[in-house]
Amino acid sequence: MTELRRPIESGVPDPFQYMHPVLKSNYGHWKWHDRPRPGVLHHVAESGQEVWTVKAGTQRQMDVYTIRKLCDIADQFAEGHVRFTVRSNIEFMVSKFEMVQPLIDKLAAEGFPVGGTGNSISMISHTQGWLHCDIPGTDASGVVKALMDELYEEFTHEEMPNRVKITTSCCQINCGGQGDIAINIQHTKPPIINHELVANACERPAVVARCPVAAIRPALVNGKPSLEVDEKKCVCCGACYPPCPPMQINDPENSKLAIWVGGKHSSTRSKPTFHKLVAAGIPNNAPRWPEAAGIVKQILYAYKENAKPWERMGEWIDRIGWARFFELTGLPFTKYHLDNWRGGRASLNASAQLRF
């Protein structure tokens, strides 16, 4: 009896093993495509075969019962094939036009809105928050739920100048991302250290090395090895908290939300860009985060009303200028919005083209 080969857990997985037969047989040989309605993509192959893709939004953090429900819908109303997008939308593929509307009706009846294609607000991507992560300052998935409840119509309709990609992050140092609009946590006070626990819970040299501004140094407190923070140097990033939980930086009053705009990963029409801070000190007000949601809507509707067709958020701001942006959105401009750090111009690639 031969031993089974162990799976290789590196590299890109085989994309064909679960692919819809029409996609597999026409891979790389598509003639044209269109969008019959928001949330539905229609592809026609050179062979004449057609496939319709129905995209629906999910709650992002899914339990096994929801996944089973979605799979049951795929078996009963589609052709048994689904795929998830990077923003946790689910896509059902069917080869008959007659199957599209019953599938949409079933998804709507089960609470899964169909949309997210074309010039709409895509499903908001987010980090793990309180559910999975051990260092969050807020619940990014909760912020997403609160925002998507208020932006539901913008997901199911294609009425924006271009696609709008929103991201949320529950800390400043791990898995945030660039976006047309990004909501991030900002700690505004240095960590509070529990000196009784540091010696047993923290590897002090690793914590000292982790600080990006050299604000942490070893100390002896009450006869026990501990750490201390130079608060004049500290930038309140929270990098010390993961390797040393006794250096607690999360605070219900002093951990605030901030909103950034104009980020873009793609190189279509314009090069990738870093987003810029436009609002800070927003209350981290669970469970609905009304203050953050209100500011996001101010920005979105100013963009919707004033941007030219196909302009992304950052391209619109580049055209009208930051002074006009703050005027149209009604946001206050302060000295903290001035970005005078220029190191990235020499050390970071700012486009998708390779340079040597």
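Which residues have the most contacts inside the largest nonpolar core? In this predicted model, that position is held by Ile259 and Ile299, within a core of 56 residues. Two or more residues are given to this core by each of a series of elements, namely helix 5, strand 8 (181–187), strand 11 (224–229), strand 13 (255–261), strand 14 (276–282), helix 9 (290–306), helix 10 (313–320) and helix 11 (322–329). Of these, helix 9 gives the most, with 8 residues.

The surroundings of Ile259 can be described residue by residue. When its neighbours within four places in sequence are left aside, Ile259 is in contact with Ile181, Ala182 and Ile183, with Lys276, Leu277, Val278, Ala279 and Ile282, and with Ala292, Ile295, Val296 and Ile299. Another core, of 18 residues, lies apart from the largest one, and its members include Val40, Leu70, Val100 and Phe112. In soluble globular proteins, nonpolar side chains tend to be buried together.

Attention then turns to the second largest pocket, which has a volume of about 340 Å³. Its lining is made up of 15 residues, and those that lie nearest the centre of the pocket are Thr58, Gln59, Lys145, Met148 and Asp149. Helix 5 (140–150) and helix 6 (152–156) are the elements that give two or more residues to this lining, and the largest share, 6 residues, comes from helix 5.

Key:
Residues are numbered from 1 along each chain as its sequence is written. This is a predicted model: local features need pLDDT of at least 70, side-chain atom pairs count only at pLDDT 80 or more; totals for chains, interfaces and linings use all residues. Side-chain values use heavy atoms; hydrogens and water are left out. On a 1 Å grid over the protein atoms alone, a cavity is a set of points where a 1.4 Å probe fits but cannot get out, and a pocket is an open set with protein on both sides within 12 Å along at least five of seven lines; lining residues have an atom within 4 Å of a point. Grid points are joined across faces, edges and corners, and a volume is the space filled by probe spheres set on the points. Helices (H or I, at least four residues) and strands (E, at least two) are DSSP runs, numbered from the N terminus. A nonpolar core is a set of buried Ala, Val, Leu, Ile, Met, Phe, Trp, Tyr and Cys residues joined through side-chain atoms within 4.5 Å. Buried means under 20% relative accessible area, exposed over 50%, partly exposed in between (1.4 Å probe, protein chains only). Contact means heavy atoms within 4.5 Å.
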